[in-house]
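Trainee: I've got a protein model open and I'd like to learn how to read it. Could you walk me through it, feature by feature?

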Amino acid sequence: MMGANINMSISRQRKYASHLPVMELLFKYSDIKNVFEYGCELYSTKFFIDHALSITSIEMQNQKWHDKIKKELISDKLNLQCMVGNDAAISYLDRKSVV
């Protein structure tokens, strides 16, 4: 039964982490220090924590997902915000001038 869990994990990673090879190339050939991520997730947010100096990540769809990410990806580098709704993140960006 353990093999089924490993296969399911690999399948899940292929589905949700297919962009990581591209991100690896971007970080290899660019001097990226700070990241703004619109929509946090386990794979990319973790990647940014491992490769950038600071990450601002905004979850805009689901408070439960935000709470899961906050619990699983603990880092002083990560500024994780939950801003559910179409305009919440825009208001935050206007105040911070992050764009």
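Trainee: What share of the contacts with a separation of 6 or more comes from residues 24 or more positions apart?

Mentor: A contact means heavy atoms within 4.5 Å. In this protein chain, 39% of the contacts with a separation of 6 or more come from residues 24 or more positions apart. Keep in mind that this is a predicted model, where local features need pLDDT of at least 70 and side-chain atom pairs count only at pLDDT 80 or more, while totals for chains, interfaces and linings use all residues. Residues are numbered from 1 along each chain as its sequence is written, and side-chain values use heavy atoms, with hydrogens and water left out.

Trainee: Okay, which elements make up the chain, and in what order do they run?

Mentor: Helices (H or I, at least four residues) and strands (E, at least two) are DSSP runs, numbered from the N terminus. Here you have 5 helices and 3 strands, and from the N terminus on they run α-α-β-α-β-α-β-α.

Trainee: How do I read the sheet?

Mentor: Strands of a sheet pair through backbone hydrogen bonds, either parallel or antiparallel.

Trainee: Is Ser 44 buried or exposed?

Mentor: Buried means under 20% relative accessible area, exposed over 50%, and partly exposed in between (1.4 Å probe, protein chains only). Ser 44 lies in helix 3 and has 4% relative accessibility, so Ser 44 counts as buried. Setting aside residues up to four places away in sequence, Ser 44 touches His 19, Leu 20, Met 23 and Glu 37.

Trainee: And what's a nonpolar core?

Mentor: In soluble globular proteins, nonpolar side chains tend to be buried together. A core is a set of buried Ala, Val, Leu, Ile, Met, Phe, Trp, Tyr and Cys residues joined through side-chain atoms within 4.5 Å. The largest one here has 15 residues, and Phe 27, Val 35, Phe 47, Phe 48 and Ile 55 touch the most other members. Helix 2 (20-29), helix 3 and strand 3 are the elements giving it two or more residues. Apart from it lies another core, of 5 residues, including Ile 58 and Met 83.

Trainee: How do Phe 27 and Phe 47 pair up, and why does the pair get its label?

Mentor: A pair of aromatic rings is described by the distance of the centres and the angle of the planes. Rings of Phe, Tyr and Trp (its six-membered ring) pair if their centres lie within 6.5 Å; planes under 30 degrees apart count as stacked, over 60 as edge-to-face and the rest as tilted. The rings of Phe 27 and Phe 47 have centres 5.3 Å apart and planes at 80°, so they are edge-to-face. Phe 27 is in helix 2 and Phe 47 in helix 3, 20 residues apart.

Trainee: What about Phe 27 and Phe 48?

Mentor: Their centres are 6.0 Å apart and their planes at 40°, so that pair is tilted. Phe 27, Phe 47 and Phe 48 form one aromatic cluster.
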